[in-house]
Amino acid sequence: MSHSHKLVIKRSSMSRPPPPPPTTNKDQQHQNPSLQEINIKLIQSGEKERLKELLRERLLECGWIDEMKALCRAFTRKKGRNNVTVDDLVHVISPKGRASVPNSMKAELLQRIRAFLASTAD
Amino acid sequence: MSSKINGHVSPQPCPHLLVFRSRNGPKPFRALQDCIRVKPPGGRAAIRREPTEVPRCGTCEESSRSRLYACVACAAVFCHAPLLHSHASDHSLSIPGHEIAVDVDRAELFCCACGDQVYDRDFDAAVVLAQTVNATATTSTSGSTAMQCSVAGSQPENLRKRRRVDYRPWEPDSGEHISRGNQSIPLLDATNASLVSSTQQPWGFRGLNNLGNTCFMNSILQALLHTPPLRNYFLGDRHNRYYCQQKNGAINGTKNSRLCLACDMDALFSAVFSGDRTPYSPAKFLYSWWQHAANLASYEQQDAHEFFISMLEGIHEKVEKDKRKSQSPGSGDCCIAHRVFSGILRSDVMCMVCGFTSTTYDPCVDISLDLEPNQGGSGKSSSAKSLNSFNFEADCMRPNQNCGISTLKGCLERFTRAEKLGSDQKLFCQKCQVRQESLKQMSIRKLPLVSCFHVKRFEHSSIRKMSRKVDRYLQFPFSLDMAPYLSSSILRSRFGNRIFPFDGDEQDASNDLSTEFELFAVVTHSGRLDAGHYVTYLRLSNQWYKCDDAWITQVNESIVRAAQGYMMFYVQKVLYYKESENQGTS
């Protein structure tokens with residue numbers, strides 16, 4: 001009989017994939033780290049920067065970056081170069097961008113984060 | 001021949017930025033520059049007050065926001081997600097003069113009131129300088145291109161295989177079919193059958209007799225005879241020697257005015273493509289060239305590359321008399337020689353003290369490349385090492401680098417690498433108004449139709465009064481993508497999206513048909529400096545032929561790969577026609 005735990009997530013932005021269920025009993029002993037704490041751990045160890053570089057490489061390989069650039073160009077052409085701000089572009093392409101990230105990539109990043117947290121757990 | 005183009009296309013500052021600048025003195029971002037940190041894996045610049053700072057929003061305490069901005073006026077950090085909550089906007093509205101902020105993870109300036117990115121030249125120069133210093137400091141002695149590896153360490157050219165234009169072979173349309181039939185005489189028909197050699201060599205193959213150490217000329221001529229755009233120009237009667245001589249004879253009337261290397265080329269093309277397979281003696285051509293390049297007129301062996309350059313100059317000079325045409329070689333409008341071979345090189349020189357970069361453009365008809373000083377690029381001399389005794393672990397700095405073998409791509413990488421000029425080569429910086437140590441980087445602004453690479457195998461030292469030849473093998477590819485050596489690629493990987501003079505480069509690069517090239521001719525040199533021989537290998541529809549003066553034979557591609565390349569000719573892939581299997585059928 002296993003307790004079901006949920007990672008505490010602060011819903012700060014657009015939709016996220018559902019949290020994965022815990023796989024070991026260890027989690028029941030220790031308090032689950034908050035998203036804030038995980039984030040700080042990732043930043044301070046430098047892992048976040050490494051993960052970001054990996055993500056950039058993957059997104060480049062699969063053409064996602066080219067797609068986003070094309071979307072931005074199309075939007076800018078429609079609106080006129082002088083009528084577009086960074087905020088506009090972020091607003092327009094963020095939903096499409098998030099939706100088109102391949103699941104395999106999400107899985108890979110998630111796996112790496114889990115592995116990192118497991119390796120640095122106290 | 002160089003022209004300074006410093007036409008920086010900078011975006012107009014927003015009113016808030018203007019007010020900010022006017023209120024904060026000549027260097028409004030000076031304090032910010034001290035907070036620029038360059039992070040190891042990707043070489044990206046970030047803004048941190050302390051090196052280990054974890055930035056978080058001052059209002060909501062969140063550090064996991066995707067966009068965090070530090071107010072330039074008061075250094076407070078806030079999050080910014082315009083439609084949900086933007087504590088950065090709140091801050092900018094609450095205190096006038098606090099509209100300008102900087103993205104802490106991207107080191108890019110932002111106006112919270114306008115919701116848009118803004119630019120400051122000095123700030124961007126400081127960011128680039130920090131990235132440059134960081135990159136050159138971490139460059140290992142193997143000379144790996146740290147400057148170009150600012151994105152995830154992997155080479156962009158391996159990842160981007162997108163062609164902008166699909167390659168389609170040319171087929172004559174119905175109109176061209178008809179005119180071919182009506183107005184042309186078949187050169188190869190039943191009556192000429194005796195002239196067709198039994199080996200069925202492709203069109204336009206004819207040996208060139210050696211007139212006495214003229215293999216330097218023969219080898220270049222064979223390459224030019226099969227340079228697709230050049231061949232098409234002359235076979236398309238674009239320079240008619242009869243008409244040209246008639247015209248010039250009428251204007252000047254003297255014998256010298258009839259010197260026209262283009263006419264001689266026209267005659268050569270006619271002779272070689274006539275269908276006659278017996279070796280041809282280019283005596284008239286040699287004589288004409290002697291008249292043009294009097295200093296090189298002798299019976300001694302000459303340098304093939306020098307001959308090539310002087311030939312192009314000779315063709316260009318003739319056209320100079322036609323005042324209607326544009327004279328700038330860079331545009332390629334002046335003459336067929338430049339139309340085919342001329343590209344534009346860009347040189348960026350950056351002052352290591354203030355970051356000010358000056359850019360110049362120069363046309364070029366070829367690129368001369370240095371061979372690596374040592375095998376594998378290690379600091380130690382490896383003249384004792386043979387190809388068999390390599391220690392792959394030690395010499396391989398990157399897993400995808402071909403250990404120890406010099407490659408054409410390696411030479412091009414080194415050619416476009418940012419190079420720190422020695423302290424004895426300080427260049428004048430316009431901003432500092434003194435000579436400063438500089439960083440120089442070459443890149444290709446515009447690709448020619450045909451790229452000629454010249455390997456500097458002959459070293460002449462006037463000091464020691466000696467010359468020597470470098471025999472080291474250089475590996476060259478049959479297909480070459482020049483994209484990584486373009487100015488847009490080089491500068492983008494170095495500067496990211498800082499405002500640096502792109503001069504509308506981005507648009508030009510996207511208008512280029514393609515950056516893919518195909519090898520079609522290799523001029524090789526064998527033997528010693530004083531007693532050597534030039535041979536040209538030609539490639540037609542994936543079949544290789546060896547042109548050794550009067551003898552042309554079919555050879556296996558492995559022979560060509562193993563040859564000692566001296567000059568390599570690559571043509572844009574869209575111009576590289578595959579010959580049809582049937583010759584001379586209509």
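This is a predicted model: local features need pLDDT of at least 70, side-chain atom pairs count only at pLDDT 80 or more; totals for chains, interfaces and linings use all residues.
**First stop: H87(B)**

Setting aside residues up to four places away in sequence, H87(B) touches C57(B), T59(B), C60(B), F78(B) and C79(B). The histidine belongs to helix α3 of chain B, which covers residues 87–94. Is H87(B) buried or exposed? Its relative accessible area is 14%, and because buried means under 20%, H87(B) counts as buried.

Most residues other than glycine have a negative phi. Two residues of chain B may be inspected with this in mind.

Select A107(B), which has a positive phi of about 55 degrees although it is not a glycine. The residue lies in the loop between β6 (100–103) and β7 (108–111) of chain B. Its relative accessibility is 0%, so A107(B) counts as buried.

Then move to D237(B), another residue that is not a glycine and yet has a positive phi, here of about 65 degrees. Where is D237(B) found? Its place is the loop between α8 (228–235) and α9 (241–251) of chain B. With a relative accessible area of 46%, D237(B) is partly exposed.

Two packed helices are described by the angle between their axes and the distance between the axes. Display α7(B), residues 215–225, together with α10(B), residues 261–272. These helices pack at an angle of about 75 degrees, and their axes are 11 Å apart. Angles of 65 to 115 degrees count as roughly perpendicular, and α7(B) and α10(B) are therefore roughly perpendicular to each other. On the α7(B) side, the contact is made by L221(B), L224(B) and L225(B); on the α10(B) side, by M265(B), L268(B), F269(B) and V272(B). By class, the residues of this contact are 7 nonpolar, no polar and no charged.

What is the angle between α8(B) and α10(B)? They pack at about 90 degrees, with their axes 9 Å apart, and are therefore roughly perpendicular to each other. Here L230(B), R231(B), F234(B) and L235(B) of α8(B) meet A262(B), M265(B), D266(B) and F269(B) of α10(B). This contact has 6 nonpolar, no polar and 2 charged residues. M265(B) and F269(B) take part in the contact with α7(B) and also in the contact with α8(B).

In soluble globular proteins, nonpolar side chains tend to be buried together. The largest nonpolar core has 58 residues, and those that touch the most other members are L221(B), M265(B), F307(B), F308(B), F341(B) and F569(B). Which element gives the most to this core? It is α7(B), with 8 residues.

Select F307(B) and show its surroundings. Leaving aside neighbours within four places in sequence, F307(B) is in contact with F216(B), M217(B), I220(B), L221(B), F285(B) and W289(B). Apart from this core lies another, of 32 residues, including M442(B), Y485(B), A563(B) and Y570(B).

Among contacts in chain B between residues at least 6 apart in sequence, 68% join residues at least 24 apart.

**Last stop: confidence**

Colour the model by pLDDT. The mean for chain B is 78, and 75% of its residues reach 70 or more.

Finally, turn to chain A, where the mean pLDDT is 78 and 74% of residues reach 70 or more. Over residues 1–13 of chain A pLDDT stays under 50, and the model has 18 contacts for them beyond four places in sequence. Residues 25–29 of chain A are below 50 as well, with 4 contacts beyond near neighbours in sequence. The model scores ipTM 0.72 and pTM 0.62.

Key. Residues are numbered from 1 along each chain as its sequence is written. Chains are lettered from A and ligands numbered from 1 in the order in which they are written. Side-chain values use heavy atoms; hydrogens and water are left out. Axes are lines fitted to C-alpha atoms, for helices over the stretch in contact, and angles run from 0 to 180 degrees between N-to-C directions. Helices (H or I, at least four residues) and strands (E, at least two) are DSSP runs, numbered from the N terminus. Angles under 35 degrees count as roughly parallel, over 145 as roughly antiparallel, 65 to 115 as roughly perpendicular and the rest as oblique. Contact means heavy atoms within 4.5 Å. Ala, Val, Leu, Ile, Met, Phe, Trp, Tyr, Cys and Pro count as nonpolar, Asp, Glu, Lys and Arg as charged, and the others, Gly among them, as polar. Buried means under 20% relative accessible area, exposed over 50%, partly exposed in between (1.4 Å probe, protein chains only). A nonpolar core is a set of buried Ala, Val, Leu, Ile, Met, Phe, Trp, Tyr and Cys residues joined through side-chain atoms within 4.5 Å. pLDDT is the predictor's confidence in each residue, from 0 to 100.
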